[in-house]
Amino acid sequence: MLNVNPVEIIETLNMIKDEHLDVRTITMGISLFDCVSDDWRRATDKVYDKITRLAENLVSTGEQIEAEFGIPIVNKRISVTPISLISAPCGHSIEFARALDRAAKTTGVNFLGGYSALEAKGYSNADREFVASIPEALATTDFLCSSVNVATTKAGINMDAVAQMGRVIKETAAATADRGGFGCAKLVVFANAVEDNPFMAGAFHGAGEPECAINVGVSGPGVVKCALERVRGQSFGVVAETVKKTAFKITRVGQMVAEEASRRLGVPFGIVDLSLAPTPARGDSVAHILEEMGLEQCGAHGTTAALALLNDAVKKGGVMASSYVGGLSGAFIPVSEDAGMIAAAENGCLTLEKLEAMTCVCSVGLDMIAVPGDTSAETISGIIADEMAIGVVNTKTTAVRVIPAVGKTVGESVEFGGLLGTAPVMPVNGASCADFIARGGRIPAPIHSLKN
Amino acid sequence: MKAVVTVVGKDKTGIIARVSGFLYENNINILDISQTIMQDIFTMITLVDTTESRLDLAQLQSGLENVGRELGVSISIQREDLFNSMHRI
């Protein structure tokens, strides 16, 4: 006998067919510590061999699960130990980038993340060389993603790294100018980066992670939007309850897929990331959820409060549906990947300053935002510094993924295509912060980091 | 393996016959069947056991899609676990 009733079955089918319910990613995290060598050729061979061996069946397994359960699994991805840790003894980090990109192509994954460095408190000599290689690494590979953690609540903000990342972002944009600065879409600057994040471009497999793990990111802004349409005009208590119930259902699917993938691949289940990740597709927008709550357009006064409610309710609903919750877990607000955000940014309703406020109450940060091509490296560093301060003081992850649109200015847009969407070039504050960034050094950790 | 076959669309004669015929041809046992009209739309939900079938779920899905095209309805087959996971604690 059927355990569920027809109404529930149709509800699930509608979520998948009409409301864009999907599992956004199955990400296999792979430790590369045993690939370390003082010979870069040997190290990169070991990296390639290990990834292609462990992830050999990742894509086909994802496709099988997709077919059997009838639930789309949009991406299959790999995250690896931050490469700055693996390449430190032998240098030649660019050769690691090439080996990783080859491994991504052999396994057929959508992206491979972990061309990363952790330098919240300071640089090692290897880190400095590594970070300088990022523009070339992103310009000469297809599937590689990079991230740099420049701040933590425990260590404070490494302002030397913030300054360098402003320059690295500009160089990456210039090196990929023929592709609209696409390299910058694969580069994230973090505060309090998490070690088990399955989402790109910021995924890496942290030093405290197991040998190999399956992490799953769920999605479903469209499902939440449709659920809220059914409670129009009702109080915020009802809104929060509706989001919680929907998030629970979405997360249960993620948990089931994670367990199934883990069993079939013989790899331990890590975490489910409870994130609402939009896509540019119609009906799959986080901005439209906020508008459904009663805002004329995303960016209006009230937007931050609406997002705070949404983010909190998603976590409360999702946490009971999964045995292990981790990653970023919250609502994402990547401008170019969200039809509602694109529209709001285009007509000026949504500004960089409002987005910054929104990042105080959600994961992750200033994400997929195009800025004018002539924005200085120092101004980009200033944008990063503000966002890092929000993360450090609020003990949360924040990130910056901005794309200087080479040769373009406000009113134009950059087309990335696919899930990365279209980024309208947004105005930045023109006053200089160059002297502030030039100071260098480290902003101390906040007083509430001293918890011991 | 237990799976749920869902047929949704405009009602007409022969839907149940054609779908159950396809299941029979592919050695699939029907464990439970319910049919209703939901919001003016014909809905048939069938719990089946695919253990004896030579085809996997992806092949069955593709076969059922062809049947659905003939009948002008939408048919899907999915493992029962999906629905249990979402709606039962």
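**Close-up views of a predicted two-chain model**

**View 1. Strand 1 of chain A and its two neighbours.** Strand 1 of chain A runs parallel to strand 2 (residues 73-80) of chain A, and 7 bridges join the pair. Everything shown here, and in the views that follow, comes from a predicted model. One spot to look for is A:Ile30, which stands opposite A:Val80 in strand 2 of chain A. Strand 1 of chain A also pairs with strand 7 of chain A, this time in the antiparallel sense, again over 7 bridges. Find A:Val23 and you'll see its bridge partner in strand 7 of chain A, A:Val218. Is strand 1 of chain A enclosed or open? Of the 8 residues in strand 1 (residues 23-30) of chain A, 8 are buried, so the rest of the structure largely encloses this strand.

**View 2. Strand 7 of chain A meets strand 8.** Strand 7 (residues 212-218) of chain A pairs with strand 8 of chain A in the parallel sense, over 3 bridges. Strand 8 (residues 269-273) of chain A is mostly covered, with 5 of its 5 residues buried.

**View 3. Helix 9 of chain A under cover.** How many of the 9 residues of helix 9 (residues 221-229) of chain A are buried? The count is 8, so this helix is mostly covered too. Among the buried residues of helix 9 of chain A are A:Pro221, A:Val223, A:Lys225 and A:Leu228. Wondering what covers them? The cover includes helix 1, helix 10 and helix 11 (286-292) of chain A.

View 4. A:Arg401 sits in strand 10 (residues 398-405) of chain A. Is A:Arg401 buried or exposed? With 24 other C-beta atoms within 10 Å, A:Arg401 is buried, because 20 or more is enough to count as such. Leaving aside residues up to four places away in sequence, A:Arg401 touches A:Ala185, A:Leu187, A:Val188, A:Ala201, A:Asp367 and A:Met368. As for A:His205, 196 residues apart from A:Arg401 along the chain, the C-alpha atoms of the two are separated by 19 Å.

**View 5. Where chain A touches chain B.** The contact draws 19 residues from chain A and 23 residues from chain B. On the chain A side, the elements giving two or more residues are helix 1 (6-17), helix 3 (58-69) and helix 10 (236-265). Which of them gives the most? That would be helix 1 of chain A, with 6 residues. Sorted by class, the residues on the chain A side come out as 12 nonpolar, 3 polar and 4 charged. For the complex, the predictor gives an ipTM of 0.91 and a pTM of 0.94. Chain B averages a pLDDT of 93, and 100% of its residues score at least 70.

**View 6. Two helices crossing between the chains.** Here, helix 1 of chain A meets helix 3 (residues 80-87) of chain B: their axes come within 10 Å and cross at roughly 100°. An angle from 65 to 115 degrees counts as roughly perpendicular, so that is how helix 1 of chain A and helix 3 of chain B lie to each other. Helix 1 of chain A brings A:Glu8, A:Ile9 and A:Thr12 to the contact, while helix 3 of chain B brings B:Leu82, B:Phe83, B:Met86 and B:His87. By class, this contact has 4 nonpolar, 2 polar and 1 charged residues.

Key: Residues numbered from 1 in each chain as written. Chains lettered and ligands numbered in written order. Predicted model: local features only at pLDDT ≥ 70, side-chain atom pairs only at ≥ 80, totals over all residues. Contact = placed C-beta atoms within 7 Å. Helix = DSSP H or I, 4+ residues; strand = E, 2+ residues; numbered from the N terminus. Nonpolar A, V, L, I, M, F, W, Y, C, P; charged D, E, K, R; others polar. Buried ≥ 20, exposed ≤ 12 C-beta atoms within 10 Å, placed from the backbone. Pairing = 2+ DSSP bridges. Axes fitted to C-alpha atoms, helices over the stretch in contact; angles between N-to-C directions. Parallel < 35°, antiparallel > 145°, perpendicular 65-115°, else oblique. pLDDT = per-residue confidence, 0-100.
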